[in-house]
Amino acid sequence: MKTASITGSSAEYPLGKIVCLARNYVDHIRELGNETPAQPVLFMKPATAVIFDGDTIRIPSFSRECHYEVELALLIGRGGKNIPEEAALDHLAGYGVALDMTLRDVQNELKKKGLPWEIAKGFDTSCPLSVFVPAEAVADPQELRLRLEINGELRQDGTTDHMIHPVRRIVSHVSSLFTLEPGDVILTGTPAGVGPVCSGDKLRAELVGLAMLEVTVE
Ligand code: MG
């Protein structure tokens, strides 16, 4: 079983479900030509999709276009159901950075047919995940900065104050649909600048000043 860990702590969390938001930054919605949803758009990745710093992304043979999406990751430390927004941050054990690797060609076909996205989003190695920093280290989760470099070139640079649904609301909303347990992870959507990766690319994702992740594309 894969586990999430926290900087400076011996605590380990067996990874549970990974709930992901789509379309949570206006500029990213525009770049893909999507509509802004009234409610968060959700999908899940299985825990088997997770890889860690230093690991390798392997693109399935049925895709020709795999995109990176850098995202703020939330680690649930205390479970709950119907968590109110005011208490939502108390349920977080840590903050980290993740990549929501997406088979864009496959996802576009699924979207056209009105089918679920999991084949495009949940493949093995589709969720590179950093070590988390303790939640106490973050005073305000809406004042964080995400960056992604590929082969040393900046591709994504966004701040969490541009989220449509802030972290408190995301945790509350997700918990109204699915009981949250310690070790569950929530990915909170990507800012603009997504694009394809190529074989041999080195991806460096950063929650600036807090967490870092480097992975290579096979
Ligand atoms: Mg995403």
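**Figure 1. Cys198 and the closest cysteine sulfur in the predicted model.** In this predicted model, the sulfur of Cys198 lies 10 Å from the closest cysteine sulfur, that of Cys66, which is too far for a bond. A disulfide is taken as a pair of cysteine sulfur atoms within 2.5 Å. Cys198 is partly exposed, because its relative accessibility is 47% and the class runs between buried (under 20% relative accessible area) and exposed (over 50%), with a 1.4 Å probe and protein chains only. Residues are numbered from 1 along each chain as its sequence is written, and side-chain values use heavy atoms, with hydrogens and water left out. As the model is predicted, local features need pLDDT of at least 70 and side-chain atom pairs count only at pLDDT 80 or more, while totals for chains, interfaces and linings use all residues.

**Figure 2. Cys127 and Cys20.** The disulfide count is zero. Cys127 is in no disulfide, and the nearest cysteine sulfur, in Cys20, is 6.2 Å away. Cys127 is buried, with a relative accessible area of 0%.

**Figure 3. The magnesium site.** Glu69 (OE), Glu71 (OE) and Asp100 (OD) coordinate the magnesium ion at 2.0 to 2.1 Å. Donors are N, O and S atoms within 2.8 Å of the metal (3.2 Å for Na, K and Ca); water is not among the atoms, so the site may look incomplete. Along the chain the donors follow the spacing E-x1-E-x28-D. Glu71 lies in strand S8 (residues 70–76) and Asp100 in the loop between strand S9 (92–99) and strand S10 (102–103), so this pair ties together parts 29 residues apart in sequence. Helices (H or I, at least four residues) and strands (E, at least two) are DSSP runs numbered from the N terminus. Glu71 is buried at 0% relative accessible area, and Asp100 is buried at 0% relative accessibility.

**Figure 4. The aromatic pair of Phe43 and Trp117.** The count comes to one aromatic pair. Phe43 and Trp117 form this tilted pair, with 5.8 Å centre to centre and 50° between the planes. Rings of Phe, Tyr and Trp (its six-membered ring) pair if their centres lie within 6.5 Å; planes under 30 degrees apart count as stacked, over 60 as edge-to-face and the rest as tilted. Phe43 is in strand S4 (residues 41–45) and Trp117 in the loop between helix H2 (104–113) and helix H3 (118–121), so the pair ties together parts 74 residues apart in sequence. Both Phe43 and Trp117 are buried.
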